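This report describes the overall form of one chain, the contact between two chains, and the confidence of the model. The structure is shown first.

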Amino acid sequence: MKKINNKFIYRGDVKITHDNAKEWADKLKDIQLITGDLSINSNTSLPALKSVGGYLSIYSNASLKADSLKSVGGYLSIYSKIDEKLEKRLWNNNSKNKWNVCDLCSDWLLNQDKDFTYHINDIIFDKNLFTAVRLGNLSAAQVFEIKNMEQRRVAYGKMEKAKMTELPNLKTLDESKDKYGFVQRVISFTVEGFKDAFLFYNCFCPSTGREYYLETKQKTCEAAKAKSFGFNEIEFTEEW
Amino acid sequence: MKKYRHGDLALIGIEKLPEVIKISKSKVLMNGSGGHDHTFDHGEFYPQQDGLVIGYLVANNRTRLYHPEHGEKIKGKELREAKIAEGIYELLRQIEDTHDGMKPVID
């Protein structure tokens with residue numbers, strides 16, 4: 001790469017957010033090299049940028065327009081849907097780097113068959129499960145078989161909810177509202193080869209509103225929550 | 001006695017610390033996947049694994065819990081924050097009661 005004039009170099013890390021995007025766009029409009037990490041959390045255009053010395057991270061719902069960007073020194077983490085030309089240019093010039101990819105990346109990139117780290121909604125998956133979740137190939141029973149609770153949550157969130165009706169003998173055993181106003185339920189269904197029904201406690205995180213399913217043997221919501229911490233009953237002062 | 005739930009971690013108020021436990025310098029109460037650890041600031045952490053119990057936390061009036069997903073959002077901060085009352089807490093990890101037996105929640 002040609003030596004870049006000092007005045008076109010920004011020395012340090014850059015973290016672009018909704019609050020500072022305009023300020024950074026002005027400051028970096030002629031910059032060709034950022035020596036540190038570049039983190040994109042809001043839509044940004046960096047027309048002169050050719051190279052990032054450190055890590056490049058593009059987060060969800062942010063787009064990066066950087067028609068000259070080719071080289072990245074560190075990891076590339078693509079957690080957003082970016083322009084395919086940029087994606088290809090980054091790949092062609094940095095394929096030996098470590099890549100974090102997500103379900104929003106193009107089929108072309110995901111088919112490069114590299115040792116990627118696969119993410120969906122910030123949760124890491126192995127390649128097979130990532131592909132199955134991304135393509136909607138899992139049955140409801142397969143979603144509930146996922147051992148990792150966060151992966152199960154994401155897979156359930158991505159699943160066509162009509163698939164729930166495929167679960168044999170699906171029943172709601174208990175339903176109420178928790179003290180934060182979220183619906184909580186205990187559901188049951190049967191699985192061929194198992195004598196006992198499978199029961200799951202369905203609840204929502206009061207901080208994020210994310211929906212979870214936890215396997216239980218209890219038939220009521222209160223008992224399921226208490227038992228998951230080893231109690232027969234419990235009233236939390238506060239929950240987050 | 002106060003009882004808090006911080007995602008898959010419960011903090012249950014108790015009268016006194018068990019004997020023969022050692023304080024830790026770590027600020028991580030419990031690891032989560034992808035760097036989603038349950039951490040704290042101000043207070044004393046005494047790790048001790050025993051069934052669902054993972055240790056004890058002595059909280060003062062400045063103790064705060066931190067996690068990317070559990071707690072109040074603080075503008076400009078990546079971690080959410082939760083304030084707990086002064087006291088001694090037993091720390092319990094959440095489990096799932098599965099067809100294969102009791103298993104810690106994996107996240």
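In this predicted model, chain A contains 7 helices and 18 strands. Its radius of gyration is 23 Å, well over the 18 Å that the globule rule gives for 240 residues, so chain A is more spread out than a compact globule. Along the principal axes, the C-alpha atoms of chain A fill a box of roughly 70 × 40 × 25 Å. Of the 240 residues in chain A, 31% are buried. Among the contacts in chain A with a separation of 6 or more, 28% join residues 24 or more positions apart.

The contact between the chains draws 26 residues from chain A and 25 residues from chain B. On the side of chain A that touches chain B, at least two residues each come from β13 (123-125), α6 (149-158), β17 (211-216) and β18 (238-239). The element that gives the most to this side is β17(A), with 3 residues. By residue class, this side of chain A comprises 11 nonpolar, 7 polar and 8 charged residues.

Strand pairing also links the two chains: β18(A) and strand β1 (residues 3-6) of chain B run parallel and are joined by 2 bridges. Within β1(B), residue B:R5 stands opposite A:E239.

| Part of chain B | pLDDT |
|---|---|
| Strand β11 (residues 101-104), lowest | mean of 88 |
| Strand β2 (residues 9-14), highest | mean of 98 |

The model as a whole scores ipTM 0.94 and pTM 0.83.

Methods: Residues numbered from 1 in each chain as written. Chains lettered and ligands numbered in written order. Predicted model: local features only at pLDDT ≥ 70, side-chain atom pairs only at ≥ 80, totals over all residues. pLDDT = per-residue confidence, 0-100. Helix = DSSP H or I, 4+ residues; strand = E, 2+ residues; numbered from the N terminus. Contact = placed C-beta atoms within 7 Å. Nonpolar A, V, L, I, M, F, W, Y, C, P; charged D, E, K, R; others polar. Pairing = 2+ DSSP bridges. Rg over C-alpha atoms; globule rule 2.2 N^0.38 Å. Buried ≥ 20, exposed ≤ 12 C-beta atoms within 10 Å, placed from the backbone.
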